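Hi,

Here is the structure I promised to pass on to you. Please have a look at it first, and then read my notes below.

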Amino acid sequence: MQLAYKARRATLKEKIEKLAALWKDNKVCLDWIKNMDDAEGSKSASAALIAAMEGCNHCGCECDKLVEEILAEKDCLVKKSFWIIGGDGWAYDIGYGGLDHVLASGEDVNVLVLDTEVYSNTGGQASKSTPIGAVAKFASSGKRVKKKDLGMIAASYGYVYVAQCSMGADKNQLVKALKEAESYHGPSLIICYAPCINHGINMTKSQAEQKSAVDCGYWHLYRYNPELADKGENPFSLDSKDPTGDYQSFILGETRYASLKKTQPEVAEELFKKTEESSKQRLEGYKKMAGRE
């Protein structure tokens, strides 16, 4: 869809360039060409261009056919925003090949991943996003290997905007990430922590759960903006503060962890230590990237 839209706009640009030449470098045409890839700028530029063309349409001049063709494609004048939305089972696991292809393409596409850390829509199976120690289908004794760091894999390309967010913890950071991703002329990936009924929590308090996840260091907030690197600045910003909450208390408040402690307490103790250590190691890596060692 995005590629087809891009091709249509490229053709439209050629026609508007021809119109600008016929109109002796008319300002409304040149303004649209200048702002065509800017979401806000293209709105006002498109409105002015349409008004000018409608005033000229079928006036009998040599521009009539060209104006008619451009007006027929006016739905492409304003820059559209393209978002792909999916869960972690798709993004981290069965659809990762496709996701990686989209991000690596360099196209101006935004991806929003709602990370529940489990296959929520197909019965609660473990995914590559499931952390160590969490109980899920195909991991009834607790997952034994680390959660995949999808954000850092995407950031390794160097030209993908990446953010990790948790709305209940910091709404402003989420809004800022969405705005930056939308304005970035390239692929973007936003990963949002999403509490799920399979976690065994009170879903009426999911926002509070998101906040607790960040407070204890279970989930981290950051943004990676390649545009900053182009300016000679650090592209990575660690937006969450040092953890102050109790990590073990947090995970034991969720059935997906607490159930393992009830059935296999010794295994649970070992895995819970590993999953906390994994989170700490990940945070230390983020701190190094942010220059906060």
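Asp93 is found in helix H5 (residues 88–94); helices (H or I, at least four residues) and strands (E, at least two) are DSSP runs, numbered from the N terminus. Before going on, please note that this is a predicted model, where local features need pLDDT of at least 70, side-chain atom pairs count only at pLDDT 80 or more, and totals for chains, interfaces and linings use all residues. Residues are numbered from 1 along each chain as its sequence is written, and side-chain values use heavy atoms, with hydrogens and water left out.

Asp93 has a relative accessible area of 19%, so it counts as buried (buried means under 20% relative accessible area, exposed over 50%, partly exposed in between, with a 1.4 Å probe and protein chains only). Its side chain makes a polar contact with the side chain of Lys128, at 2.6 Å. A polar contact here is a pair of N or O atoms within 3.5 Å; within protein, one must be able to donate a hydrogen and the other to accept it, and residues adjacent in sequence count only if both atoms are side-chain atoms. Setting aside neighbours within four places in sequence, Asp93 is in contact (heavy atoms within 4.5 Å) with Asp88, Tyr119, Ala126, Ser127 and Lys128.

E1 and E2 pair in the parallel sense over five bridges, and Gly87 has Leu114 in E2 as its bridge partner. E2 and E4 are also parallel, over six bridges, and here Leu114 stands opposite Cys192 in E4. Five of the six residues of E2 are buried, so this strand is largely enclosed by the rest of the structure.

Strand E3 (residues 161–165) and strand E5 (residues 222–224) run antiparallel and are joined by three bridges; Val162 stands opposite Tyr224 in E5.

**Ala136**

Ala136 lies in the loop between E2 and helix H7 (150–155), and it is buried, with a relative accessible area of 10%. Not counting residues up to four places away in sequence, Ala136 touches Val118, Gly124, Gln125 and Ala126. Lys231 is 95 residues from Ala136 in sequence, and 44 Å from it in space, C-alpha to C-alpha.

**The chain as a whole**

The chain has 13 helices and six strands. Its radius of gyration is 24 Å, well over the 19 Å that the globule rule gives for 293 residues, so the chain is more spread out than a compact globule. That radius is taken over C-alpha atoms, and the globule rule is 2.2 Å times the number of residues to the power 0.38. The C-alpha trace spans about 85 × 40 × 30 Å along its principal axes. Of the 293 residues, 48% count as buried.

Best wishes

How values were computed
Pairing = 2+ DSSP bridges.
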